[in-house]
Amino acid sequence: MTAATEARPDGAPDGVPAEETARQADDSAARDGGWRALALQPALIGLGVLAFLVWRATAELSETEDRQLGATVLWNSIREHVYLTVVAAVVVLLIAIPLGIALTRPRLRRFSPLVIGVANTGQAAPAIGLFVLLATWLGFGFRTTVIALVIYAALPVLRNTMVGLQGVDARLVEAGRGMGMSARSVLLRVELPLAVPVLLAGVRTALVLLVGTATLATFIDGGGLGVLINTGITLSLDSLLISGAVLVALLALAADWLGRVVEHVARPKGL
Amino acid sequence: MSETTSVPSPGATGDRNISGVSIRLEGVTKRYPGQDRAAVDDVSFEIAAGETVMFVGPSGCGKTTLLKMLNRLIEPTSGRIHLGDEDVTDQDADQLRRRIGYVIQAGGLFPHMTVAANVGIVPRMLKWDRQRITERVDELLDLVGLDPAVYRDRYPRELSGGQQQRVGVARALAADPPVLLMDEPFGAVDPITRQRLQDELLRIQEELGKTIVFVTHDFDEALKLGDKIAIFDVGARVVQYDTPERILAEPAGDYVADFVGAGATLKQLSLTRVADVQLEPVTTALAGADSTAVVAAAQAAGDDFVVVLDGRGRPISWPTVAELSRTTTVPVTVDERLPVVGLQSTLNDALDTMLAASQGGVVVTGRRDSLAGVVTVETVMAVIQQARAEVAR
Ligand SMILES: Nc1ncnc2c1ncn2[C@@H]1O[C@H](COP(=O)(O)OP(=O)(O)O)[C@@H](O)[C@H]1O
Ligand SMILES: [Mg+2]
């Protein structure tokens with residue numbers, strides 16, 4: 001037949017075009033490669049944790065250092081840090097995703113360039129400034145910390161939700177509406193699934209950002225691993241400072257890994 | 001061994017099955033906000049049930065706007081739209097659209113859904129049971145010439161452009177809508193694939209008898225596919241609305257004459273089907289058969305080439321007698337460049353295919369891709385001569 005890649009009208013096997021087989025092979029290779037990269041990260045994190053534990057067990061430490069780096073204190077700091085991150089992340093998802101969806105609907109669409117602009121600039125503003133401003137207004141403590149974290153980390157999620165939805169081919173939306181799908185059903189079954197990769201990349205960015213930014217909580221009495229770092233600075237104890245920084249880095253890597261796993265699993269097939 | 005079974009001409013069947021309904025527009029106008037000219041200006045128009053009507057006209061004249069008002073993707077500013085006896089202007093748009101198939105360029109398939117899921121969208125919305133949807137999907141894939149077992153579970157990106165477009169047509173037909181709207185559906189595929197898709201559409205339409213409204217910028221496509229052609233000017237003003245034959249024979253004014261172009265006699269090639277001309281008989285041979293006997297048969301028949309068929313009677317190559325006499329058995333290799341057209345194809349398609357393959361003829365296939373004969377460039381020339389003579393008279 002002249003058109004080699006066209007199936008014969010009666011559906012007789014036309015031989016899978018070479019290009020296609022190549023693409024499928026490519027695909028599964030990419031997927032395996034993806035999993036391999038995903039397996040590497042926790043291994044590195046585990047190695048980091050192990051190195052820290054070995055150092056902690058063997059290093060010569062003063063009494064203050066020993067107390068600050070004791071199992072209970074450390075464990076509490078880590079738990080506080082994770083708790084702050086998780087609470088803020090949940091609130092971010094609950095606010096930023098629906099808001100991003102709303103801002104890409106026809107009725108509010110004209111505001112989306114403005115919001116994306118603000119989100120991009122907001123990202124550049126120093127987080128510490130935001131923490132201090134909010135604290136002078138709302139007082140110190142957990143609640144203010146969460147609010148500050150939410151404001152800061154909502155931006156990438158909001159932006160990526162909007163960019164992801166805007167990236168969906170308008171013709172697909174029209175095809176859906178043209179078949180009689182309601183606007184809601186097109187959103188749920190076409191737009192959101194197709195926006196998932198971009199949206200989740202934003203969520204991962206937000207998670208990593210949250211783990212890092214939560215170290216600032218110590219300045220407004222929010223707790224977390226920032227306390228360790230801050231104590232290290234005030235008392236000029238490098239061991240505390242570095243321990244805090246290393247633990248935050250390991251947590252951030254773990255959060256990033258979690259985000260990658262979700263992205264990998266939730267990515268719609270066929271893309 | 002040569003066979004030139006006469007197949008009834010596609011246009012000749014009188015009592016064809018009609019499942020479409022008529023469409024009537026009454027003074028339909030669309031004015032986009034912020035534009036002083038109406039994109040569609042007071043258009044009244046009627047399309048008979050089961051007819052294919054082609055919309056042609058310069059870019060921006062309002063074809064797409066008019067089409068999309070039929071399924072209310074665009075709400076008319078004023079005017080009424082009737083499907084059959086029903087005034088659908090104020091009907092729930094989502095409900096209405098489930099009864100109107102809609103095909104856009106490149107199929108508009110959802111990339112994250114399999115072929116089966118794409119085709120099953122409207123039936124699922126209509127709450128058909130699973131079993132019925134599965135059966136319907138397979139039936140439709142068959143109808144558009146895709147083997148369900150092979151293609152059902154593929155994702156759109158694993159299909160060629162032409163295959164995607166077939167799935168797009170299958171999806172639009174899923175709930176057996178009486179009306180099919182197509183907006184430049186074959187605009188994004190290569191010419192040979194487009195020609196096959198057009199042939200398929202003709203075959204499907206022959207079988208189903210839908211009311212089809214089809215926007216195109218390709219006048220040859222309009223001539224080939226349309227029962228009627230509507231030629232529009234700015235504001236979707238209908239300049240001429242008639243059968244292809246009459247538009248060619250009696251263009252209404254300079255506007256249409258310009259549109260049809262200088263080669264009106266050549267355009268006759270787009271009106272004449274391969275099935276309408278005398279196909280040349282040809283010596284055939286089964287792949288793998290003994291060459292000597294075949295060469296002898298060809299020489300006896302005075303043919304200088306032979307069409308090789310596979311086990312199912314489908315042509316796979318056409319070696320010359322000289323080439324064959326150098327072999328002991330007829331080669332089984334499939335010639336990817338073998339020029340092939342269907343009985344539904346136009347002589348214009350046949351000529352295009354010959355030119356693309358630099359050959360003096362094309363192999364014609366009929367039902368199930370089996371051989372129907374050969375059309376040569378001489379046959380095409382004869383038709384041109386005849387059209388010339390008729391015009392001169
Ligand atoms: N959504 C829209 N908003 C404003 N003007 C539009 C819109 N869609 C089409 N138009 C205008 O309406 C006219 C007709 O467009 P269209 O129906 O797409 O023409 P065609 O399909 O014949 O090329 C053009 O002038 C175009 O610019
Ligand atoms: Mg158009």
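Colleague: Is G107(B) buried or exposed, and what is its relative accessible area?

Modeller: Buried: G107(B) has a relative accessible area of 4%, where buried means under 20%, exposed over 50% and partly exposed in between, with a 1.4 Å probe and protein chains only. Bear in mind that this is a predicted model, so local features need pLDDT of at least 70 and side-chain atom pairs pLDDT 80 or more, while totals for chains, interfaces and linings use all residues. Residues count from 1 along each chain as its sequence is written, chains are lettered from A and ligands numbered from 1 in the order written, and side-chain values use heavy atoms, without hydrogens or water.

Back to your glycine. G107(B) sits in the loop between β6 (100–104) and α3 (115–119) of chain B; helices (H or I, at least four residues) and strands (E, at least two) are DSSP runs numbered from the N terminus. Leaving aside residues up to four places away in sequence, G107(B) touches Q164(B), Q165(B), G168(B) and R171(B), a contact being heavy atoms within 4.5 Å. For R171(B), the sequence separation from G107(B) is 64 residues, yet their C-alpha atoms are 9.0 Å apart.

Another loop residue of chain B to look at is T216(B), between β8 (211–215) and α9 (219–225). T216(B) counts as buried because its relative accessibility is 2%. Beyond residues up to four places away in sequence, its contacts include M54(B), F55(B), V56(B), K63(B) and E184(B). T64(B) lies 152 residues from T216(B) in sequence and 9.7 Å from it in space, C-alpha to C-alpha.

Most residues other than glycine have a negative phi. D42(B), though not a glycine, has a positive phi of about 50°; D42(B) belongs to strand β2 (residues 40–47) of chain B and is exposed, at 52% relative accessible area. R72(B) also isn't a glycine and has a positive phi, near 60°. R72(B) falls in the loop between α1 (63–70) and β4 (78–83) of chain B, and with 7% relative accessibility R72(B) is buried.

Over in chain A, S236(A) comes after helix α9(A) and has a positive phi near 55°. That helix, α9(A), covers residues 226–234, and G226(A), L228(A), I229(A), T231(A) and G232(A) are buried in it. The cover over those buried residues includes α2 (63–68), α3 (71–103) and α10 (238–266) of chain A.

As for chain A as a whole, its secondary structure is ten helices and zero strands. Of its 271 residues, 45% are buried. Among its contacts between residues at least 6 apart in sequence, 75% join residues at least 24 apart.

One last stop is helix α8 (residues 183–213) of chain A: 31 residues, but end C-alpha atoms only 38 Å apart, short of the 45 Å a straight helix would reach. That expected span is 1.5 Å times one less than the number of residues. α8(A) bends by about 55° at V196(A), with the proline P197(A) following within four residues; the bend is the angle between axes fitted to the seven residues ending at a residue and the seven starting there.
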